Amino acid sequence: MRKLFTDEEIIILDSNPYTRKVTPTTIKFNDAFKDAFWTMYLENLPIRDIFRNLGFDPDILGTKRIEGFTFHMRKERLTEKQRQDSIQRYSKVKRPPENTDYSSMPEKIAIQTMQTELTYLRQEVEFLKKIYQLGTTTKSKE
């Protein structure tokens with residue numbers, strides 16, 4: 001369920017010079033906010049800090065609104081190459097692609113992909129060790 005802004009929060013949000021329009025359900029930011037946000041985003045500042053620096057309380061806005069705004073800004077302003085370069089900012093450990101040809105990738109992306117694969121394989125080995133250890137412990141008790 002969407003978090004609605006209270007009357008008090010609407011007054012606070014509307015008083016910010018970067019607010020174009022605010023209703024109980026939505027907030028619209030002006031172009032000056034978008035430009036300032038984007039400049040700070042490219043400097044790799046934490047997103048919640050960017051909102052704070054521009055006078056918005058992230059707790060009032062809520063995580064979903066902040067994530068949605070950031071998603072749309074990235075989609076609007078990043079080129080495909082920039083999206084690939086900045087993917088590390090959002091990436092968590094994922095299963096590596098199978099049969100990857102690293103020689104056909106740009107060097108930076110190849111290194112990131114190899115690091116992801118290495119992390120995944122290390123986790124997999126630790127998991128297999130634990131499974132093996134469980135199997136040998138169970139047999140020794142019998």
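Q: How do the axes of helix 2 and helix 5 cross?
A: This is a predicted model. In it, the two axes cross at roughly 85 degrees and come within 11 Å. Helix 5 covers residues 63–77.

Q: What does that make helix 2 relative to helix 5?
A: Roughly perpendicular, because angles from 65 to 115 degrees count that way.

Q: Which residues make the contact?
A: From helix 2, they are F33, K34, D35, F37, W38 and Y41. Helix 5 brings F69, T70, M73, R74 and R77.

Q: And how do those divide into nonpolar, polar and charged?
A: The contact of helix 2 with helix 5 has 6 nonpolar residues, 1 polar and 4 charged.

Q: New topic. Where does R2 sit?
A: R2 is in the segment before helix 1, which spans 7–14.

Q: Is R2 buried or exposed?
A: Exposed. Its relative accessibility is 53%, and the cut-off for exposed is over 50%.

Q: What does R2 touch, leaving out residues up to four places away in sequence?
A: R2 touches T25, T26 and R65.

Q: How far apart are R2 and R65?
A: In sequence, 63 residues. In space, 9.4 Å from C-alpha to C-alpha.

Methods:
Residues are numbered from 1 along each chain as its sequence is written. This is a predicted model: local features need pLDDT of at least 70, side-chain atom pairs count only at pLDDT 80 or more; totals for chains, interfaces and linings use all residues. Side-chain values use heavy atoms; hydrogens and water are left out. Helices (H or I, at least four residues) and strands (E, at least two) are DSSP runs, numbered from the N terminus. Buried means under 20% relative accessible area, exposed over 50%, partly exposed in between (1.4 Å probe, protein chains only). Contact means heavy atoms within 4.5 Å. Axes are lines fitted to C-alpha atoms, for helices over the stretch in contact, and angles run from 0 to 180 degrees between N-to-C directions. Angles under 35 degrees count as roughly parallel, over 145 as roughly antiparallel, 65 to 115 as roughly perpendicular and the rest as oblique. Ala, Val, Leu, Ile, Met, Phe, Trp, Tyr, Cys and Pro count as nonpolar, Asp, Glu, Lys and Arg as charged, and the others, Gly among them, as polar.
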